[in-house]
Amino acid sequence: MSTFREASHITTGKFVDPTPAPAEAAHPEVGATSAPLKSAAFFIGSYCKDYNEDFMLCKEENNDPAHCLKEGRKVTRCAMDLITKLRENCEKEWEAHYKCLEKHNQEYYACRKPERTFNECVFSKLKLEKVIPGASNTPVHLRENTIYN
Amino acid sequence: MPVPFEALIPLGLITGFFGVSGFFFQKLKTSINEGQPPRFGLDRWDRVMLDRDYRLTGTQRGQAHETAAPSAFSTNSAWNLEKEHL
């Protein structure tokens with residue numbers, strides 16, 4: 001578990017999975033990829049705070065994947081709920097922001113303008129605000145000028 | 001004294017070679033990354049997220065903002081194909 005490697009010694013040709021199918025049906029998973037998730041990260045954090053904290057505390061008790069499946073499903077459902085709301089209300093601004101992020105190596109600093117419009121849309125429609133925890137003076141996403149302060 | 005134009009010929013050639021190769025290299029990079037600049041400075045998190053993006057969309061740099069993942073997502077992980085190491 002100390003290093004990560006991609007699955008590289010895979011079988012070739014036709015493969016039939018010998019393990020039996022799981023007893024319960026597969027649960028729905030979040031369908032958003034990395035850039036939309038990064039764009040909506042702070043809103044997911046504030047909207048799903050309770051479920052996320054539950055999950056993290058559960059993981060702290062016991063790191064076994066099987067121990068925290070229920071809390072994990074709640075986290076997934078909450079994130080899916082927020083994604084549905086974002087798609088209904090602020091889809092265009094969200095798309096503009098995450099497409100900008102994709103062009104700039106998913107760095108926040110490069111995409112402040114689309115981020116501003118997206119944050120305003122989300123605040124007006126969904127009443128969620130992006131808060132950077134532990135920010136000292138003006139948070140970096142609200143500064144007009146980041147070079148000369 | 002007139003400008004020694006013969007000295008500018010190799011300068012022009014070198015600039016041209018740099019320019020042409022840079023142009024083609026840029027086109028190659030953006031064509032691999034579907035019209036975007038390549039990702040750099042990737043750590044383990046980013047690599048795992050890129051693999052997840054590929055499983056969700058089918059292309060290397062495609063993005064999607066669906067609510068639910070397609071049904072193939074639950075079974076298209078390459079780890080299920082990993083050979084047993086005994």
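The model is predicted: local features need pLDDT of at least 70, side-chain atom pairs count only at pLDDT 80 or more, and totals for chains, interfaces and linings use all residues. Residues are numbered from 1 along each chain as its sequence is written, chains are lettered from A in the order in which they are written, and side-chain values use heavy atoms, with hydrogens and water left out. Helices (H or I, at least four residues) and strands (E, at least two) are DSSP runs, numbered from the N terminus.

**Helix α5 of chain A**

- Helix α5 (residues 91–103) of chain A has 13 residues.
- From its first C-alpha to its last, α5(A) reaches 18 Å, close to the 18 Å expected at 1.5 Å a residue; the expected span is 1.5 Å times one less than the number of residues.
- Trp94(A), His97(A), Tyr98(A), Cys100(A), Leu101(A) and Glu102(A) are the buried residues of this helix, where buried means under 20% relative accessible area, exposed over 50% and partly exposed in between (1.4 Å probe, protein chains only).
- Asn105(A) follows α5(A) and has a positive phi, near 60°.

**Salt bridges within one chain**

- A salt bridge is a side-chain nitrogen of Lys or Arg within 4 Å of a carboxyl oxygen of Asp or Glu, and the count over all chains comes to eight.
- Asp81(A) and Lys85(A) form one of them, at 3.9 Å from N to O.
- These two residues are four apart in helix α4 (residues 69–89) of chain A, so about one helical turn separates Asp81(A) from Lys85(A).
- An α-helix has 3.6 residues a turn, so residues three or four places apart point the same way.
- Asp81(A) is partly exposed at 35% relative accessibility, and Lys85(A) is partly exposed at 28%.
- In chain B, the side chains of Asp46(B) and Arg39(B) meet in a salt bridge at 3.8 Å, N to O; Asp46(B) and Arg39(B) are buried.
- A network of salt bridges links Arg112(A), Glu115(A) and Lys130(A).

**A salt bridge between chains**

- Glu66(B) and Arg87(A) meet through their side chains in a salt bridge of 3.9 Å, N to O.
- The pair joins two chains, because Glu66(B) lies in strand β1 (residues 65–68) of chain B and Arg87(A) in helix α4 of chain A.
- Glu66(B) is partly exposed, with a relative accessibility of 40%.
- Arg87(A) is partly exposed, with a relative accessible area of 26%.
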